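Let's walk through how to read sheets and helix packing in a model like this one. Have the structure open as we go.

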Amino acid sequence: MKTNETNYAIELKGITKTFGKVIANDNVSLGIKYGEILALLGENGSGKTTLMNILSGIYYADEGTISIDGKEAVITNPNEAINSGIGMIHQHFKLVEVFSAMDNIVLGTKGKYVKSSALKEEILQMSNKFGLEIEPDKKVYNMSVSEKQTVEIMKVLYRGAKILILDEPTSVLTPQETEKLFIILRKMKEQGNAIIIITHKLNEVLAISDRVAILRKGQVVDTVKTADTNEKELTELMVGRPISLEIKRPETENNKTVLRVVDLSVVNEDGTIGLKDINFTLKSGEILGVAGIAGSGQRELCETIAGLMDARKGAVLYNKENIIGKTPDEIINLGISMSFVPEDRLGMGLVGSMDMIDNMLLKSYKKNKGFIIDKKPSRLLAEELVDKLSIVTPGVETPVRMLSGGNVQKVLLGREIESEPNVLITAYPVRGLDINSSYIIYDLLNAQKKKNVAILFIGEDLDVLLELSDRIMVLCHGEIMGIVDAKNTAKEEIGLMMAGKKMKGVDSDE
Amino acid sequence: MNNKSHTPFIRIVKISERSNKDTINIRIIAFVSALTAGGIFILLLGYNPLELYGTIISGAFRSKMAAQATIRFMIPLLMSSLGVALAFKMRFWNIGAEGQIIAGAVCASYFALYHDNWPHFLLLIVMFLAGAIGGGLWGLIPAYFKSKYDTNETLFTLMLNYIALYVITYLRDGPWKDPGSSGFPKIARFTANAQIDKVLGVHFGWIIALILVFLVYIYLKYTKHGYEISVVGESKSTARYAGMDVRKIILRTMIISGGICGITGMIQAAGSDMTLASSVAGGVGFTAIIVSWLANLNPFGILLVSFLFSVLEKGSSVMQSTYGLSTYFAGVLQGIILFFILGCEFFIRYKFVLTKKGGR
């Protein structure tokens, strides 16, 4: 494939998109050539996903033009995007679980009926070309996350996409799977495809891309050659100012066992295994990190300890008292606090349509006597949190769903910390947060640790887990693969455990 | 590559925030458009729209009796709207107000028919409580099954309406049949002792209704129960996470919701019908759903909307008789008005955007 300086596979000029008062993309101009991998880097809310949704026909730009192969194109729906050779691989897979890989790949294509043996042949040929490993007859529900992703990639390739957009493709993968994906992407690049990868992980940007476009507040602040840059420069461009990337791990003393989980097994509502014979201890003044691919039992673990899920067998001993079978109310009163942040962020910890005051009330409204609710303490607490954690909000009476992700997280974590818990369970507290907010959250957790709170930290970014936690427990399919000392464990080791390799001599009690 | 696509001419854009002023303006525009559209319809039939609209307003208040009739119509509508609003706030789709009204009326009627020798006020209080308990229990049934087996409350409450209706028919044709009716199936008229007294010409149900407006407002806004209802309505998992007993809250709220509807039934039977008729609810329980949503589940809004509905209802019946119009005419007019009012909710949440030339 011949390329020259002006021959862009796709070129965006002056793209602007607003949602209400929010400007998601502001006069964005960008180009990518065939045979190139462009990383789109930016904090959450910087407009990466909006921009790509415009390219793939989900949104329509208010202003600006898109050119494909030098010709102006109008993309008003996903079908037109795919006809123009643009294929998007979403963060959340869009596959039919009960169909086979093959059925999912041809689903929605408008060609003539092809015999399944011929189709299989075609798919296998195509997968060989790009080094994809795919079993055409395997049902999606039997697949691992990375296999599903492969099907998604195959799906867009089958539709003839020459320009691939991947939205945070590595967020659900183990380090090993990520490496595998990168090999595939490099192969596609060699075949002359144009690839845009959206991410906020700097090390991945440096590993895979040729060029990096950095978005901040909806604008392209710079486009740099990957070879000429480094993590520090990229962070500064992304955040807009220099920032320290070091996470502290304070030492604490007098660590006593607070929570002891014994042979805990949980079965989900649909009959699948949630947790299987889990054994571990949690000490005061420590952060126990939990690593694992999404859906390995993290949610079940949190909800069982908080009393929201029933255990099939086993016990959770809190200061030697079994809390299995207690109501969430009783568990809260013992001083066990959970701030679980599910994928939709607001999830179960906050009520989106309510303001901060009412959300502060959520766990404390029972404490004041009588029938009438007293909102004054909540208002004071809300105002104090806004001050202390520098929460950006028009006022404490603004519904929390109007706040940005980072501020929502601060509200949630702030409230939980204010209740002075003895055990703090926190799941994905920095999911979707920008770098700066993430570091505020780490500091908050460390401050709690110094107060001798026992913290169970469910995370997804291994680098953060390794730096912040004292010990790391790795889950896979609801089982503990091992509990390791965070100070002297390599990332690759955890990756292998996440994929199901058991550590020899697992010692859950140290 | 296939690029014969075209630029979309109109797009629909969701609005995240709209100021109160805008919202009110849109509602006013919708109301005016409704009157205009209704006016065109009237014109096509060969009448003067202004005159007819005038008749609706004046008809509802043209005499003391007309005004009292309007208020009498408003009382059950207002009360049952307050009742269902409680359930709706919890996102519990109680469309069984009809049945709950009937259940309350039946229970109250038992005392009116068989204990009318009790002292007047004791009897009324007992009837009031019986109505509340009857309606409350009728509301509790679907709530119990919902909280225990997660049954669909919409279907459940709807079906209970018909059961309640047939209970009246059974009582009318069987055990409670009026012996003095010479074979005609009806239930005896309540004696004066079992009738609700009049205050300012209308039975004192209107006072109870007004008190309920305040009570429901305070209950929803300032009490722990009200707070729990909103949290459960927003997200059951959040409620559980906060240590709330979701089951208990659902049961409790539905007893209150059904209870208010049951009181409506008691007041309707003993204040308006003076007997237990199968028409005691007469569709009010369904209209209440529209009223409470139009009022955004706000008790004072419900007061206003139910008043407007009553004026429209009473006024159109006057209009019908004055101009000799078909009974369906008023129905069509009401339909047009509702169409615009409900339709404007779309414009409160979304807007249309015209694409500029060439998509640039």
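Q: In what sense do strand β11 (residues 257-267) of chain A and β12(A) pair, and over how many bridges?

A: First, the ground rules. This is a predicted model, where local features need pLDDT of at least 70 and side-chain atom pairs count only at pLDDT 80 or more, while totals for chains, interfaces and linings use all residues. Residues are numbered from 1 along each chain as its sequence is written, and chains are lettered from A and ligands numbered from 1 in the order in which they are written. Strands (E, at least two residues) and helices (H or I, at least four) are DSSP runs, numbered from the N terminus, and two strands pair if DSSP finds at least two bridges between them. Here, β11(A) and β12(A) pair in the antiparallel sense over seven bridges. For instance, A:Leu259 has A:Leu282 in β12(A) as its bridge partner.

Q: What packs on that sheet?

A: Helix α9 (residues 298-305) of chain A does, touching β11, β12 and β14 (313-318) of chain A. Touching is about contacts: C-beta atoms, placed from the backbone, within 7 Å. The direction of α9 makes about 60° with that of β12(A); such angles run from 0 to 180 degrees between N-to-C directions, with axes fitted to C-alpha atoms, for helices over the stretch in contact.

Q: What is the strand order in the open sheet of six strands?

A: Reading across, you get β6-β7-β8-β3-β9-β10 (chain A), with mixed pairing. At the edges sit β6 (86-89) and β10 (219-225) of chain A, each pairing on one side only. From one strand to the next, the twist averages 20°. Within this sheet, β3 (residues 36-42) and β9 (residues 211-216) of chain A pair in the parallel sense over five bridges.

Q: How do I read two packed helices?

A: You use the angle between their axes and the distance between the axes. In chain B, the axes of α4 (residues 97-114) and α11 (residues 284-294) come within 7 Å and cross at roughly 130°. The two are therefore oblique to each other (under 35 degrees is roughly parallel, over 145 roughly antiparallel, 65 to 115 roughly perpendicular, the rest oblique).

Q: Which residues make the contact between α4(B) and α11(B)?

A: B:Ala97, B:Glu98 and B:Ile101 come from α4(B), and B:Val284, B:Gly285, B:Phe286 and B:Ala288 from α11(B).

Conventions: Two residues are in contact if their C-beta atoms, placed from the backbone, lie within 7 Å.
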